[in-house]
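Colleague: Please show me how the features of a model such as this one are to be read, one at a time.

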Amino acid sequence: MSGKKQVRSAFRAAVFTRDRFRCVMCGKPGKDRQGGDAHRKYHAGIPVETLVPLDAHHITNRNELPNGGYVAENGISLCDDGCHLLAEVFHQTGISHPGFSPDELYSKIGSSVEEARRADSVDG
Ligand SMILES: [Zn+2]
């Protein structure tokens, strides 16, 4: 694995594990959209075909943090088909979908843009 790939993969693993492989906003149980079976210990007994694909969403855009923001403090597990699109509205338009502003997302995971920035500076 290249360094960059490793950073992205560690980011996804840290975010999904903290959120126990569920979409933080709608609560649906899921699995990493990019594959792997780390979700299995969290969803024993749930048929794998019913798990939603999850994305590790960057709450603050990668280019606005010193080292790309690949830290759990800046990531949140969101379902690929619904909640991730709603969170991206802010990055695309500058206006957040109700309930999906960066501050609201940070509060769901007990973080903040300051914490994300601090963690991103230390880890990098
Ligand atoms: Zn969702």
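Colleague: Which residue takes a positive phi just after α2?

Modeller: Helices (H or I, at least four residues) and strands (E, at least two) are DSSP runs, numbered from the N terminus. Just after α2, the residue with a positive phi, about 85°, is G94. Please note that this is a predicted model, in which local features need pLDDT of at least 70 and side-chain atom pairs count only at pLDDT 80 or more, whereas totals for chains, interfaces and linings use all residues. Residues are numbered from 1 along each chain as its sequence is written.

Colleague: Which residues of helix α2 are buried?

Modeller: A residue is buried if 20 or more other C-beta atoms, placed from the backbone, lie within 10 Å of its own, exposed if 12 or fewer, and partly exposed in between. In α2, which spans residues 83–93, the buried ones are C83, H84 and A87. They cover an arc (that of the directions from the helix axis to the C-beta atoms) of only 100° around the axis, which puts them on the same side of α2. Q92 and T93, on the other side of α2, are exposed.

Colleague: What covers the buried residues of α2?

Modeller: Contact here requires C-beta atoms, placed from the backbone, within 7 Å. The cover of these residues includes β2 (52–58), β3 (75–79) and α3 (102–108).

Colleague: How is the sheet to be read, and what is the order of its strands?

Modeller: Two strands pair if DSSP finds at least two bridges between them. The sheet is open, with 3 strands in the order β1-β2-β3 and mixed pairing. Its edge strands, β1 (30–32) and β3, each pair on one side only. Neighbouring strands are turned by 45° against each other on average, direction ignored. The axes behind such angles are lines fitted to C-alpha atoms, for helices over the stretch in contact, and angles run from 0 to 180 degrees between N-to-C directions. Helix α2 packs on this sheet, where it touches β2 and β3, and its direction makes about 130° with that of β3.

Colleague: Which strands run parallel, and which antiparallel?

Modeller: β1 and β2 run parallel and are joined by 3 bridges; G30, for instance, has V52 in β2 as its bridge partner. β2 and β3 run antiparallel, with 5 bridges between them, and D55 is partnered by L78 of β3.

Colleague: Why is β3 said to be largely enclosed by the rest of the structure?

Modeller: The count of buried residues decides: 5 of the 5 residues of β3 are buried, so this strand is largely enclosed. G75, S77 and C79 point one way, I76 and L78 the other way, and all are buried.

Colleague: Which residues touch the most other members of the largest nonpolar core?

Modeller: In soluble globular proteins, nonpolar side chains tend to be buried together. A nonpolar core is a set of buried Ala, Val, Leu, Ile, Met, Phe, Trp, Tyr and Cys residues joined through C-beta atoms within 7 Å. The largest one here has 24 residues, among which C23, I76 and L78 touch the most other members. Two or more residues come from each of α1 (3–18), β2, β3, α2 and α3. Leaving aside residues up to four places away in sequence, L78 touches residues including C23, V24, L54, C83 and A87.

Colleague: What pattern does the protein follow along the sequence?

Modeller: The pattern is α-β-β-β-α-α-α. Of the 124 residues, 35% are buried.

Technical notes. Contact = placed C-beta atoms within 7 Å.
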